[in-house]
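Please keep the sequence and the structure open side by side while reading.

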Amino acid sequence: MTYYGFLRFAASLVWTFMMCSLVRTEAAYAPVKANAKHAYATMLYMGTPHDHDFFVAARVMMQSLARLKVDADLVVIASNDLPKRWVHTFNNEGVRVVSVENIQNPYRNQSNFDMRFMFTLNKIYAWNLLDYERVVMLDADNLFLQRTDELFQCGQFCAVFINPCIFHTGLFVLEPSNETFHDLLHEIEIGRTNKDGADQGFLMSYFGDLLERPLFRPPSNGSKLTGLYRLPLGYQMDASYFYLRLRWNVPCGPNSVITFPSLPRLKPWYWWSWPILPLGLSWHDQRRATIGYASQTSLLASEGLSYALIMVIAIIVRNRCPPSERALLLRSCVGRPCPAEQISFFYIVIMKTMPILAIIGSFVFPFYLVPTTVHPLMGWGTFLLGSLSLFVFATTFFQLPTVAGMTPWLGVVGAFLVMASPFYRNGIIRVLSIGVYGCIVSPFIWWALTEITASRDLIVGREPLMSWANTRQEPQSELTKFC
């Protein structure tokens with residue numbers, strides 16, 4: 001074979017390989033079709049600062065349902081601007097993605113409207129999933145403890161009253177209907193009364209008589225009910241109920257699903273929500289068993305190595321260089337006489353406040369660098385290592401007293417250990433323990449701040465004297481020069 005013939009043969013092999021890869025890619029990303037009579041569905045849309053966090057949460061919830069071997073399809077109702085790679089990820093994990101146009105929210109000008117609920121009315125597309133007899137519509141912050149396929153026996157609309165008078169739309173059962181779907185769209189267009197401007201207020205208004213409906217009990221023969229029903233509380237256990245006794249005790253209905261309708265920044269997937277809210281660890285147990293943390297492990301490892309390097313350099317500088325040779329953050333006069341009266345008030349304020357700002361930054365900077373949805377032990381470990389390295393750097397750079405400079409960090413570590421203790425019998429004792437710890441630590445924090453401020457006063461007062469002394473050296477005599 002000639003040289004050019006070999007090149008042509010090699011090029012043909014490369015082309016064939018690329019085409020085969022393309023075919024495999026297209027096949028892998030082919031949309032998932034409806035296979036079952038029922039579906040568990042959730043909703044994703046873009047436009048909030050936490051879109052990726054909810055993408056991760058939806059994946060974990062769907063894969064946890066798959067591990068429970070539910071007899072239903074898994075569906076994501078996604079706005080058509082959802083990133084293609086997210087759609088491909090869902091398809092590869094056996095989740096059907098239904099792309100929809102965002103429903104424009106006519107309630108966005110209400111005084112109490114929260115912008116993160118701009119497109120939650122997309123939930124009504126669940127009534128347009130006509131391939132299914134029943135659909136269980138879910139928010140991404142649901143944590144399933146066991147299968148709930150009996151919910152598909154419920155009627156045209158079923159929801160849980162986690163508030164005595166208000167049902168929650170984090171989980172509800174519906175019967176898809178083209179007629180109901182278009183009627184809901186019409187009610188949105190005419191501006192039906194909506195207390196919160198989101199999906200919950202709208203559906204509360206549309207199904208206003210649900211409170212008077214009977215409680216759902218699944219028929220033993222497996223038949224489907226008709227009409228509207230209230231679901232037992234065990235299908236939507238509010239996580240806040242758990243924290244009173246640190247255990248579940250819901251007598252009505254099975255203890256099947258936990259929901260987290262709390263502050264947005266304390267959702268269970270955020271690493272910092274544990275140990276503040278211990279149930280977050282249960283959510284991460286499901287993530288570890290489903291999609292894992294492989295995509296974030298390398299990033300955390302690189303962060304940890306960077307923090308360790310910063311800390312080692314700071315320790316070497318602190319041990320090798322005497323205090324007089326360490327660079328100060330700011331100098332009022334360089335190589336010139338600087339009497340005390342020439343030091344400006346602005347300079348004094350900066351010299352005294354910069355160490356405090358550096359200590360605060362030692363917590364803030366690593367906090368925002370840790371990926372938001374990592375496992376709590378990984379997140380807290382990286383955060384504490386990062387803050388420790390920056391604390392060591394700050395105490396070295398600003399010549400702070402070691403014990404006083406490290407006291408705030410030790411206080412945070414102590415608070416973490418108090419909150420994470422597994423020995424509390426109920427939530428009340430846990431809260432009281434945190435309060436007692438705060439009272440005990442407060443004097444030490446105040447002492448540390450006082451010591452840091454005093455050390456800065458000493459440096460600010462010493463610098464002009466040292467500068468003046470350097471310029472007042474006696475001239476050397478001719479004899480001294482020769483000696």
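This is a predicted model: local features need pLDDT of at least 70, side-chain atom pairs count only at pLDDT 80 or more; totals for chains, interfaces and linings use all residues.

A residue is called exposed when its relative accessible area is over 50%, buried when that area is under 20%, and partly exposed in between. Because Cys439 has a relative accessibility of 60%, Cys439 counts as exposed.

**Cysteines**

- A search of the whole structure finds 1 disulfide, and this bond joins Cys154 to Cys158 with an S to S distance of 1.9 Å.
- The torsion about the S-S bond of Cys154 and Cys158 is about -105°, and the disulfide is therefore left-handed.
- Both Cys154 and Cys158 are buried, whereas Cys165 counts as exposed because its relative accessibility is 52%.

**Helix α5 and its buried residues**

- Helix α5 covers residues 199–206 and includes Asp199; the buried residues in α5 are Asp199, Gly201, Phe202, Leu203 and Tyr206.
- These buried residues of α5 pack against β7 (166–174) and α4 (178–189).
- Asp199 has a relative accessibility of 8%, which is under the 20% limit, so Asp199 counts as buried.
- The side chain of Asp199 makes a polar contact with the side chain of Lys123 at 3.0 Å, and, when residues up to four places away in sequence are not counted, Asp199 touches Thr120, Leu121, Lys123 and Thr169.
- Gly201, which also lies in helix α5, is buried with a relative accessible area of 11%.
- Not counting residues up to four places away in sequence, Gly201 touches Thr193, Asn194, Lys195 and Asp196.
- Gly201 and His168 are separated by 33 residues in sequence, while their C-alpha atoms are 9.6 Å apart in space.

**Pairing of helices α2 and α3**

- Two packed helices are described by the angle between their axes together with the distance between those axes.
- For helix α2 (residues 51–67) and helix α3 (residues 84–92), the axes come within 11 Å and cross at roughly 10°.
- Since angles under 35 degrees count as roughly parallel, that crossing makes α2 roughly parallel to α3.
- On the α2 side the residues that meet α3 are Asp51, His52, Phe55, Ala58 and Arg59, and their partners in α3 are Trp86, Thr89 and Phe90.

**Val370, in a loop**

- Val370 lies in the loop between α10 (345–369) and α11 (376–397), and this residue is buried, with a relative accessible area of 3%.
- Leaving aside neighbours within four places in sequence, Val370 is in contact with Trp271, Leu300, Glu303, Gly379, Thr382 and Phe383.
- Val370 and Leu299 are 71 residues apart in sequence, and the distance between them in space, C-alpha to C-alpha, is 8.7 Å.

**Thr407, in helix α12**

- Thr407 lies in helix α12, which covers residues 402–420, and Thr407 counts as buried because its relative accessibility is 12%.
- With residues up to four places away in sequence not counted, Thr407 touches Phe444, Ile445, Trp447 and Ala448.

Terms used. Residues are numbered from 1 along each chain as its sequence is written. Side-chain values use heavy atoms; hydrogens and water are left out. Helices (H or I, at least four residues) and strands (E, at least two) are DSSP runs, numbered from the N terminus. Buried means under 20% relative accessible area, exposed over 50%, partly exposed in between (1.4 Å probe, protein chains only). A polar contact is a pair of N or O atoms within 3.5 Å; within protein, one must be able to donate a hydrogen and the other to accept it, and residues adjacent in sequence count only if both atoms are side-chain atoms. Contact means heavy atoms within 4.5 Å. Axes are lines fitted to C-alpha atoms, for helices over the stretch in contact, and angles run from 0 to 180 degrees between N-to-C directions. Angles under 35 degrees count as roughly parallel, over 145 as roughly antiparallel, 65 to 115 as roughly perpendicular and the rest as oblique. A disulfide is a pair of cysteine sulfur atoms within 2.5 Å.
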